[in-house]
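I opened this entry to record a few look-ups on one chain and its contact with a neighbour. The notes follow the order in which I checked things.

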Amino acid sequence: MTMRDRLIFALQLLFTILVAAFLIVPAVLSMLAGITVNYFRGIQSGLTLQWVVQVWQLYSDTIFRSFLIALATLGVTLVVGIPAAYALHLRSDRFSRAIEEIITLPLAIPGLALALALLLTYGGFSDFRRSWLFILAGHAIFTLPFMVRSVMAVFGAIDVKTLDEGAASLGATPWRRFRDVIVPNAMPGILAGSLMVVTLSLGEFNLTWMLHTPLTKTLPVGLADSYASMRLEVASAYTLVFFLMIIPLLVAMQMFARQRAGAASL
Amino acid sequence: MSKRTFVGLCFAPLAVLAAAFFLLPMARLVLIGASGEQGFHAYTAILFDPRYRATLFNTVALAAATTIASLVIATISGLFLQRNRFPGHALLVAMLTFPLAFPGVVVGFMIILLAGRQGLLGDLTLHLFGRREVFAYSLQGLFLGYLYFSIPRVILTIMAAVEKLDPSLEEAARALGAGPWRVVRDVILPALAPAFIASGAIAFATAMGAFGTAFTLATDVAVLPMLIYTEFTLSANIALAAALSVGLGLVTWAILALARSYGGTGVAAAG
Amino acid sequence: MTRQFNAGEHGVAVHIEHCAKTFADGTQALGPVTLEVARGETVVLLGPSGCGKTTLLRIIAGLETPDAGGRVLFNKSEVTRVPIERRNVGMVFQSYALFPNMNVADNIAYGLKIRGVNAAERSARIAELVALTGIEGLERRRVDQLSGGQRQRVALARAVAVRPSVLLLDEPLTALDAALRERLRGELNRLLRTLGITTIYVTHDQSEAMALGDRIVVMRKGAIAQSGTPREIYFAPANRFVAEFVGAANILDAAYSNGSLLVPGGKLLAPDAYENPKDRVLVMIRPESIRIVAVDGAGLCGRVESLNFVGDRQRVAIAEVAAKPIMVDAPNSIPLEVGERVGLVIDPSAVRLLPGDPP
């Protein structure tokens with residue numbers, strides 16, 4: 001490599017490191033702040049878990065509720081999304097393309113607008129409005145496109161039509177084919193979609209902020225609360241808990257994607 | 001049962017869910033938006049009423065600036081990372097894509113940690129220049145926040161596109177005598193154009209609809225989502241809020257449709 | 001300003017000395033190879049995939065550097081460390097690598113633009129090349145509107161526009177269908193003769209090699225198996241691999257005795273120029289050099305095992321001559337039946353002795 005090449009490499013590396021630092025440093029800072037006795041005095045003031053404990057005491061219900069909603073959202077998207085993806089893939093005509101557009105619309109509409117629409121339509125049903133099911137409805141609509149797209153991608157790659165025809169020629173009914181052949185072969189897409197749905201649901205704020213009530217707060221909603229009203233250490237500890245929940249999911253998604261890319265290139 | 005019946009049944013849960021919790025509410029939203037004193041003219045109010053025009057302008061300008069900045073940053077870093085391998089490469093990529101799942105509120109908090117009243121950058125400037133710079137709660141802070149959640153998204157898309165570039169095109173240009181900069185200008189950037197459009201549109205749409213970040217930073221800068229929020233919750237101007245939401249939704253949808261026509265399938269999640 | 005190798009009309013002589021290539025993952029694509037290409041000569045690198053021919057081409061181009069100790073020279077000047085941008089080579093890639101963001105004319109003129117040639121001269125040169133390659137009328141077309149054959153011509157025009165020192169072609173016809181390939185092969189041949197530039201052409205198709213090359217270099221597993229004119233390669237292959245790779249070949253195990261070669265089906269006369277005969281030899285005979293005659297009085301006999309009518313001749317498999325059936329190309333005028341016993345006559349000059357091959 002010439003001197004000039006080395007210089008260009010070094011400059012690009014420096015630039016990229018700066019950008020990465022911009023993104024990571026505050027995250028690391030917040031994780032540290034969550035376990036530091038006093039943020040102003042820094043690490044010297046010592047490490048402690050008191051803030052984390054306080055977060056648990058104040059907000060454990062939001063953590064449980066977020067998990068509950070995420071898992072319930074997953075359930076809904078699985079039951080609704082997998083058959084829909086299958087049907088859409090089979091039909092592949094203008095009708096199904098229109099349906100795909102409609103399903104993807106919630107992504108285009110800002111969460112705020114969606115929440116507003118839900119409030120104006122169902123705000124009157126106070127039992128529904130006040131329960132966590134209301135939030136579930138919003139999350140399900142919002143995450144459904146990801147599940148459907150993920151499963152459809154796998155269908156596209158594995159020529160599911162031929163598998164289906166093969167099973168049919170052996171005498172299997174549509175339902176049995178779906179259960180024994182279609183779903184098992186779509187597993188990679190289902191898994192990827194599931195990870196995506198859970199991650200999105202855990203982190204969803206725009207919709208949830210509008211839909212929540214003091215009794216149905218989720219973790220991101222609690223975070224917003226704590227940023228506004230709690231001391232920095234508590235807010236940081238709460239953010240730390242959120243990171244601990246999210247990071248394993250992100251790592252799983254990355255590993256999964258790399259594994260599938262590796263298998264596809266075989 | 002026949003195949004056709006089964007396929008029809010597969011659509012049923014989707015139809016119910018989408019109709020009940022999406023189509024119906026959206027239709028109501030559109031109607032309510034037009035139920036205010038201005039009727040359907042409320043929809044054009046966004047464009048013509050000076051109060052809202054400024055907000056719209058701010059939002060569009062911010063989204064545009066974020067998009068351009070993220071594209072430039074992502075291209076420089078994305079090209080560099082895809083073309084070079086060195087110890088720590090995987091770590092660098094992980095650091096750049098990790099914030100992908102952060103909701104807007106967390107991004108706002110990150111900016112506060114960087115540039116708020118006890119911010120890291122403030123400490124730095126205090127040391128260097130004797131003055132503490134606090135800009136988390138201003139337009140610059142908002143811009144940084146938007147940049148924070150745009151960069152990971154755009155960089156992933158750009159890196160994927162760089163990976164798919166045909167190396168023989170660059171070799172052909174080199175064989176014809178083109179130096180590195182000319183290869184970038186004449187071969188690489190044109191080849192990345194579809195990726196720029198697709199990811200740029202998604203970044204723009206996400207920035208337009210971003211709420212959590214602005215909410216946490218609680219700036220005075222008016223962006224459309226915040227305006228909708230305050231009109232609904234504080235001023236109870238339901239019709240106006242509805243109209244503005246529909247307008248915002250239309251603009252965002254149009255931009256994303258543009259992205260899809262160039263083959264992009266990105267993630268336009270939380271902001 | 002970049003230093004270009006301006007070697008005039010016929011290009012440069014290329015000299016490759018001990019060039020080997022080992023890749024980062026440890027695979028050795030090329031063992032040390034030494035090769036001379038004369039000015040204006042067309043050399044074809046022929047071999048199966050993985051033999052190192054493309055690697056060698058890329059080393060000559062400047063896209064790869066050879067392992068330590070390897071040298072590449074253009075007309076006695078060492079260019080081993082010179083990057084491709086400054087070697088002034090013309091390269092045609094297997095996938096053509098036409099720039100999709102430019103039309104045909106801009107593609108062709110790209111190298112000229114880099115060299116700072118002014119617009120008027122560029123247009124003149126484009127017109128020249130368009131006429132030469134037969135693509136008149138396509139100048140404004142975009143790349144995705146061209147057929148495979150048209151793209152190949154544009155790629156050629158673009159490579160030649162800059163008056164390169166060496167023309168390098170990496171399997172330029174492989175991406176086309178068989179019929180088109182036949183037709184373009186003839187055109188390519190005419191073009192290369194007209195241009196007269198030193199040309200190095202890589203292919204795995206032996207009929208292409210025979211048609212286009214002044215000299216063929218047959219490669220195998222990173223080394224040169226034989227280098228020679230098409231006739232030399234065909235009629236006097238140096239070893240079994242070359243014999244079987246270029247054209248059909250019958251390889252027989254024979255015992256030598258008193259000027260004759262003995263095989264299960266009888267005996268044939270050994271060729272005259274035969275030094276240091278060993279007791280057992282490996283013999284190659286091309287199918288078209290064997291004549292079928294009546295079985296009575298023939299020194300070599302066999303039994304017809306199968307007949308294959310291929311249009312202009314019949315390809316006959318004859319058993320009981322050697323350990324495996326041999327292939328004979330017979331004219332359609334000779335009536336044959338499966339199971340018939342026939343005699344064979346082979347001119348000694350068509351018998352080629354092969355050295356023992358490494359395993």
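Does Ile216(C) count as buried or exposed? The model is predicted, and I worked from its coordinates. I found 28 C-beta neighbours inside 10 Å of Ile216(C). The cut-off for buried is 20 or more, so Ile216(C) counts as buried.

Next I looked up where Ile216(C) sits and what surrounds it. Ile216(C) belongs to strand 9 of chain C, residues 215-220. Leaving out residues up to four places away in sequence, I listed its contacts as Val44(C), Leu46(C), Ala209(C), Gly228(C), Pro230(C) and Ile233(C). For Leu46(C), I noted a separation from Ile216(C) of 170 residues in sequence and 6.8 Å in space, C-alpha to C-alpha.

I then turned to a sheet in chain C. I read an open sheet of four strands in the order 2-1-4-5, with antiparallel pairing. Strand 2 (28-37) and strand 5 (77-78) are at the edges; each has a single partner strand, so one side of each lacks a neighbour in the sheet. Between strand 1 (residues 14-22) and strand 4 (residues 71-74) I counted four bridges, antiparallel in sense. Val14(C) has Phe74(C) of strand 4 as its bridge partner. Helix 1 (residues 53-61) lies across strands 1, 2 and 4, at about 120° to strand 1.

Last, I checked the contact between chains C and B. Chain C contributes 17 residues and chain B 13 residues. On the chain C side, strand 6 (89-92) and helix 2 (104-114) are the elements giving two or more residues. Helix 2 of chain C has the largest share, three residues. By class I recorded 11 nonpolar, four polar and two charged residues on that side.

Notes: Residues numbered from 1 in each chain as written. Chains lettered and ligands numbered in written order. Predicted model: local features only at pLDDT ≥ 70, side-chain atom pairs only at ≥ 80, totals over all residues. Pairing = 2+ DSSP bridges. Contact = placed C-beta atoms within 7 Å. Axes fitted to C-alpha atoms, helices over the stretch in contact; angles between N-to-C directions. Buried ≥ 20, exposed ≤ 12 C-beta atoms within 10 Å, placed from the backbone. Nonpolar A, V, L, I, M, F, W, Y, C, P; charged D, E, K, R; others polar.
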